[in-house]
Amino acid sequence: MKKSIIIIGAGMGGLSAGIYARRNGYETTIFEQHYLPGGQCASYKRKGYTFDVCIHHLFGTEPGSRLYGLWEELGAMPRTLAATNEAVAACSPEGRMYFDYWDSKRLEEHIKELSPADSELAVEYARAIRDFSSADFMGALLMGDYLDVPKMIPRILRHRGLLKLTMQDFGLRFKDEFLKKAFPLLEYSLPEVQLIIHLAKHGYGLTGNIAWPVGASIEFARSIEKTYLDLGGEVHYRQKVSEILTEGGRAVGVRLEDGSEHRADVVISDADGRKTIMDMLGGRFTNEKVRRMCGPPDDEMNWAVHVFLGVDRDLSGEPSALVQLLEEPVDIAAHEAASIEMQMYPFDPTMAPEGKGVIKVELWSRYSYWKELYADRNRYDEEKQKVADTVIDLLENTHFPGIRSQVEVIDVPTLLTWERYTGITWGLGMMPAVQPRMVDAFLGKGYMTLPGLDSFYMVGAFATYGPSLFHNAISGRKTVRALCKRDGRRFIAA
Ligand SMILES: Cc1cc2nc3c(=O)[nH]c(=O)nc-3n(C[C@H](O)[C@H](O)[C@H](O)COP(=O)(O)OP(=O)(O)OC[C@H]3O[C@@H](n4cnc5c(N)ncnc54)[C@H](O)[C@@H]3O)c2cc1C
């Protein structure tokens, strides 16, 4: 008899687990609380505009690369992709522009032109990017090609002086004051990000292994859902799991919110880790480490209040993303911002009606701030409007004069919105309370099990510390590979 698996959640990890499980002969049923696949890999339409919550950089777009192979297995490639010239651009309050070009030669020339005094640094930086482009560490480590890793190390070691630096540290080496301020913000406005992450990303960008999936995040997720359905997998939307059923230390099924019970040989959860462990399993299968992971975050500051603007303005000359440095810090969404970061999509005609465009501004904020406001819906809505007005004023007074009168659609999802749609405690992208280490994300098992509970696996961002789509897709793959090993089956990937 075929073994059956219940999967909680149709996010990247859940869909991927479903696909590999079907390929390896398991019966699978996914229960998803939302009415769409993809989880955090989400986008939605408003009056002809597409507002994308997720993808900035899709890794694995270069045919023949390891990560492209992963997406092929999942049916997400080949697809129509749009390449961008730069990862992001930065604009000074006076309007000076820095483009973080993927092309290392162009980038080197651009820095030299902006600041001749930084020519030497530009050469060192561009050379490091080229050397990193020959090393697919992330793909090799995550896909288990460990033997290839030693070959990649010598070229990277040429830059050993850079390996311990943060974006902030490297930024301070520029002599030009604008570059000094702009460089630390190039990795999603997080100056503490390790430079090595930035160089690795640039390496992928240089070889065309990063692009944008035309049609936005939801179409990307739908293509994976289609593969799952074509393989005969079942998925039930608007079905929230409230409890994971256990018997004698084994997971044996789930109870849904409507009270119905569904049984299976194995349960895999792609849902939020805290809710899975503490609510669905009642906190019965934990140890000290698991309890710490489920605790409140040290800092609940999160990067996920979005201001989406549909604008009657041609954005075709704009960069794909822009960090606007501000003259004075501004208090916005309970956070003092010295810059604001936005994403635009001039390369994808499906994002807006012809001649128009979308600007997505991403703001740091606190979950508790919005939670408290939500107790009074009027205050909550007023604050969202205030945040949108502040953002529009900032855009009007900096890079986009005239934009106020061009705004046709505004949408301001907050951390509460994302908690509602993805079930993630404290909102989108929130990780376990234990500080994630790079080594866990790249060398971990790729899934999590709980002490004292058999036939149960957790996939997805909480279980892997993996901050990207490919991480969590690989987590589904690794889980099914482990299941196959346990069941004495040869794992079939494609
Ligand atoms: C703002 C932002 C930008 C990002 N940008 C990028 C990017 O540019 N490139 C990139 O590679 N990655 C990016 N990521 C990361 C990527 O989106 C995530 O790593 C990935 O989508 C997480 O997948 P997951 O498997 O953890 O599942 P999730 O996406 O968290 O999905 C979990 C699913 O479980 C469902 N669920 C939860 N509880 C229940 C329940 N009780 N019953 C039934 N269903 C339930 C949810 O509704 C959801 O569909 C970004 C993330 C964010 C937040």
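Buried residues make up 47% of the 494 in the protein chain. Keep in mind as you look around that this is a predicted model.

**Overall shape**
- Along the principal axes, the C-alpha atoms of the protein chain fill a box of roughly 70 × 60 × 45 Å.
- The protein chain has a radius of gyration of 23 Å, which agrees with the value near 23 Å for a compact globule, because that is what 494 residues would give.
- If you count contacts between residues at least 6 apart in sequence, 70% of them join residues at least 24 apart.

**Domains**
- Three domains are assigned: domain 1 takes in 4-42, 219-296 and 431-486, domain 2 covers 99-207, and domain 3 covers 301-422.
- Between the C-alpha centres of domain 2 and domain 3 there are 28 Å.
- These two domains touch through 6 residues of domain 2 and 6 residues of domain 3.
- On the domain 2 side of that meeting point, 4 residues are nonpolar, 1 is polar and 1 is charged.

Terms used:
Residues are numbered from 1 along each chain as its sequence is written. This is a predicted model: local features need pLDDT of at least 70, side-chain atom pairs count only at pLDDT 80 or more; totals for chains, interfaces and linings use all residues. The radius of gyration is taken over C-alpha atoms; the globule rule is 2.2 Å times the number of residues to the power 0.38. A residue is buried if 20 or more other C-beta atoms lie within 10 Å of its own, exposed if 12 or fewer, and partly exposed in between; C-beta atoms are placed from the backbone. Two residues are in contact if their C-beta atoms, placed from the backbone, lie within 7 Å. Domain bounds come from an automatic or database domain assignment. Ala, Val, Leu, Ile, Met, Phe, Trp, Tyr, Cys and Pro count as nonpolar, Asp, Glu, Lys and Arg as charged, and the others, Gly among them, as polar.
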